[in-house]
Amino acid sequence: MANIREVIDIFNFKGDFVDVEEFGSGHINKTYLVKFNNEGSEQRYILQQLNDNVFKNIEQLMKNVFAVTSYLRSVIKKNGGDPDRETLHYIHTKDGNEFYKSPEDNTYYRAYIFVRDSVSFNTAENAEMFKSSGEAFGKFQRLLSDFNAEELTETIPHFHDTLWRYNNEFVPALEKNASGRLDTCKAEVDFVNKYADEMGKLTAMTEKGELPLRVTHNDTKLNNVMFDKDTNKCVCVIDLDTVMPGLALYDFGDSIRFGASTAAEDETDLDKVEMDLDYFKAYAEGFLGEAGEYFNQAEIDNLAFASKLMTLECGMRFLTDYINGDVYFRTEYPEHNLDRARNQFKLVADMDSKMDKMEEIIKNIQKA
Ligand code: ADP
Ligand code: GN1
Ligand code: MG
């Protein structure tokens, strides 16, 4: 890793450097909070070392995020919003580049302004707050509805193609057993195998033209949206690395997976892990209130199923990474990925038992 102070000097931050610390709880990039003093007032920035094991083409990824943020800025401005606060504002390097590649070790860095007076959360404090995140991700999708998807490169191909991940990542991981851990997670592997028949449902419907491809965020967990620190209303959707053509259902489902759970994603007391139907309802109201008018009936009918599928997929990805020896997600201890997988599978089982109720909730929102 390059020296972080030297990296900070590469970017066009304003004022005098004060402090830098590691920040946030993302599983992919390495994030720093950087403080500057600009003529007596504190200016905060976010500096990130990009994960080039996960993102194979950083140049294209940065083109994507710049294309999306500059489009969003112009739409937000046209609608009378505040583009400086409602979308990410990237800081170029002093040489005018969009990112910095360290010649020492080929690591990649980028920077943006810390969204003013905002905070992110790993759990929503109440249903109202979670509803606000539904509005934010629904609005994000609505604002991008006329964005030309052909401008975007797929940063991670097959990102939410659950069956593809099963056949091309999960099954090969079992065969290779690179970490030698397979013996320790037999029950979890059986759990995934039991669901193999359901994994291809949404991709098959997409191929048949029943579900339209849209420009979607694809990583809609609660800590990828910033809330106003005083009002607890969402101000800005962040973490745009996976904005690609996808299904509205992926964005909905992934939010439910993370934010409608009664516990954190890595809670090990599984009795605490459940799908909260009030949170499910609140998010659905927020999301559909903003973007629902664009959705066809097949999309609406699969919102509950997609929540389960995204949870299953994420659990399968954690388990795959555990078996591969923790090479993808950041982990804090050796069994972290296994604990995350168990947690997600508990949630899948709970969603299965609540599927009728979840579908009923969606029907009632549609009727209202
Ligand atoms: P990762 O891909 O690792 O999840 P993120 O882009 O989501 O990285 O950033 C990690 C965390 O850093 C976020 O959850 C959020 O708390 C914080 N963060 C990122 N960008 C900003 C920003 N522009 N303003 C304020 N906080 C930010
Ligand atoms: C990762 O980057 P972050 O922490 O917001 C992952 C998501 C997973 C999520 C699970 C690029 O999201 O797909 O759903 O962890 N992002 C990538 O918490 O793989
Ligand atoms: Mg993130």
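Predicted model: local features only at pLDDT ≥ 70, side-chain atom pairs only at ≥ 80, totals over all residues.
## Domain layout

The domain assignment divides the protein chain into domain 1, covering 4-116, and domain 2, covering 127-367. Between the C-alpha centres of the two domains the distance is 26 Å.

## Extent of the interface

The size of an interface is often expressed as the accessible area that is lost when the parts come together. For domain 1 and domain 2, the area buried between them is about 2,500 Å², and carbon and sulfur atoms account for 60% of it. Three residues, His27, Asn64 and Tyr71, contribute 26% of the area that domain 1 buries against domain 2, which is more than any other three residues.

In terms of contacts, 29 residues of domain 1 touch 31 residues of domain 2.

## Polar and charged interactions

Residue pairs in polar contact between domain 1 and domain 2 number 10, counting pairs with both residues at pLDDT 80 or more. The interface of the two domains also holds 3 salt bridges. In a salt bridge between Arg85 and Asp228, the closest N and O atoms are 2.9 Å apart.

## The domain 1 side

Two elements, α2 (58-78) and α3 (83-86), each give two or more residues to the side of domain 1 that touches domain 2. Of these, α2 gives the most, with 11 residues.

Sorted by class, this side of domain 1 comprises 14 nonpolar, 11 polar and 4 charged residues.

Technical notes
Residues numbered from 1 in each chain as written. Chains lettered and ligands numbered in written order. Heavy atoms only, no water. Domains from an automatic or database assignment. Contact = heavy atoms within 4.5 Å. Buried area = accessible area lost by both parts, 1.4 Å probe. Salt bridge = Lys/Arg side-chain N within 4 Å of Asp/Glu carboxyl O. Polar contact = N/O pair within 3.5 Å; in protein donor to acceptor, adjacent residues only side chain to side chain. Helix = DSSP H or I, 4+ residues; strand = E, 2+ residues; numbered from the N terminus. Nonpolar A, V, L, I, M, F, W, Y, C, P; charged D, E, K, R; others polar.
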